[in-house]
Amino acid sequence: MADLILILVAGFLGGLLNAIAGGGTFITFPALVFTGVPEIAANATSTVAAMPGYLSAAIGFRKDIAELDRKLLLRLTLWSMLGGAIGSGLLLISSNEAFAILIPFLLLGATLVFLRGAQIREWAARQRGAVKAFGAGTMIPVAIYGGFFNGGLGIVLLALFSMWGMTNLHAMNGLKCWLSFALSVISFVIFAIGGKIVWIPALVMGAGTILGGLAGAPVARRIPMPALRILIATVGFGMTAVFLFRLL
């Protein structure tokens, strides 16, 4: 019961952070590991638990998503699902021992991306035209990363959209949420077939992420964004240190 309460609270905090600024993975993934879920199953379960939050956020941006070209949206969705399938498949064939070695570096990388998200997006905006707009050569590799490890995916997607030349932030956020949902759907199918989802924690954490997502807007009005970003970065660096210590 104590583990389920911890997972529910972690889901709530993760959904809250994702709704406000991102970084929910820094809470949900370690919580599952610390309750005894193996590393790969914890990563898979955390990804699945985030799926309802992605969908609800995409629904919130439905008008902005509807303004995108339907053929383009379909193409990007298919590429995201293809890359997500490859990344999820790579996770399935990994061993817990190998993935445990990667975890501190994945968390550290995701934390740095989160902390420097604004600078990354500004840099990407200056690189407009540097890569082919809406190309599979850039979308699929990002989706592979998202299928393998979800941390920091939203920021990477926003940076990619900027490099493609997109400037409407609402459309970019809507597309980010939709593609993240599409990617998590195919990951869910692959993880379920591979038997890597721990169902009860996934359901409990999923309920928590929905509640956290709903509470995100009013909380965002009360917490200064710089303070929130420092808090999330501190958690990210702290979890990196904890998982690195586990290897020693």
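## Close-up views of a predicted helical model

**View 1. Thr 28 sits in helix 2, a DSSP run of H or I with at least four residues, numbered like all helices here from the N terminus.** This is a predicted model, in which local features need pLDDT of at least 70 and side-chain atom pairs count only at pLDDT 80 or more, while totals for chains, interfaces and linings use all residues. Residues are numbered from 1 along each chain as its sequence is written, and side-chain values use heavy atoms, with hydrogens and water left out. Thr 28 is buried at a relative accessible area of 7% (buried is under 20%, exposed over 50% and partly exposed in between, with a 1.4 Å probe and protein chains only). Setting aside residues up to four places away in sequence, Thr 28 touches Ala 10, Gly 11, Gly 14, Ser 46 and Met 205 (contact means heavy atoms within 4.5 Å). The side chains of Thr 28 and Ser 46 are joined by a polar contact of 2.8 Å; such a contact is a pair of N or O atoms within 3.5 Å, where within protein one must be able to donate a hydrogen and the other to accept it, and residues adjacent in sequence count only if both atoms are side-chain atoms.

**View 2. Helix 2 (residues 25–34) is mostly covered.** Nine of its 10 residues are buried, among them Phe 26, Phe 29 and Pro 30. Just after helix 2, look for Gly 36, which takes a positive phi of about 105 degrees.

**View 3. Thr 111 belongs to helix 6 (residues 96–115).** Thr 111 is buried, with a relative accessible area of 0%. Its side chain reaches the backbone oxygen of Leu 107 at 2.7 Å. Leaving out residues up to four places away in sequence, Thr 111 touches Phe 26, Ala 233, Gly 236, Phe 237 and Thr 240.

**View 4. Asn 43 is part of helix 3 (residues 39–60).** With a relative accessible area of 2%, Asn 43 is buried. Its contacts, not counting residues up to four places away in sequence, are Phe 29, Leu 91, Phe 99, Phe 148, Phe 149 and Asn 150.

**View 5. Helix 5 (residues 70–92) packs with helix 8 (residues 136–148) at an angle of about 40 degrees, their axes 6 Å apart.** Axes are lines fitted to C-alpha atoms, for helices over the stretch in contact, and angles run from 0 to 180 degrees between N-to-C directions. Helix 5 and helix 8 are therefore oblique to each other (under 35 degrees is roughly parallel, over 145 roughly antiparallel, 65 to 115 roughly perpendicular, and the rest oblique). The residues in contact include Trp 79 and Gly 83 of helix 5 and Met 139 and Ala 143 of helix 8. By class, this contact has 12 nonpolar, six polar and no charged residues (Ala, Val, Leu, Ile, Met, Phe, Trp, Tyr, Cys and Pro are nonpolar, Asp, Glu, Lys and Arg charged, and the others, Gly among them, polar).

**View 6. Helix 8 also meets helix 10 (residues 169–193), with axes that come within 10 Å and cross at roughly 55 degrees.** That makes helix 8 oblique to helix 10. Met 139, Ala 143, Gly 146 and Gly 147 of helix 8 meet Leu 179, Leu 183, Ser 187 and Phe 191 of helix 10. The contact of helix 8 with helix 10 comprises five nonpolar, three polar and no charged residues.

Notes:
Helices (H or I, at least four residues) and strands (E, at least two) are DSSP runs, numbered from the N terminus.
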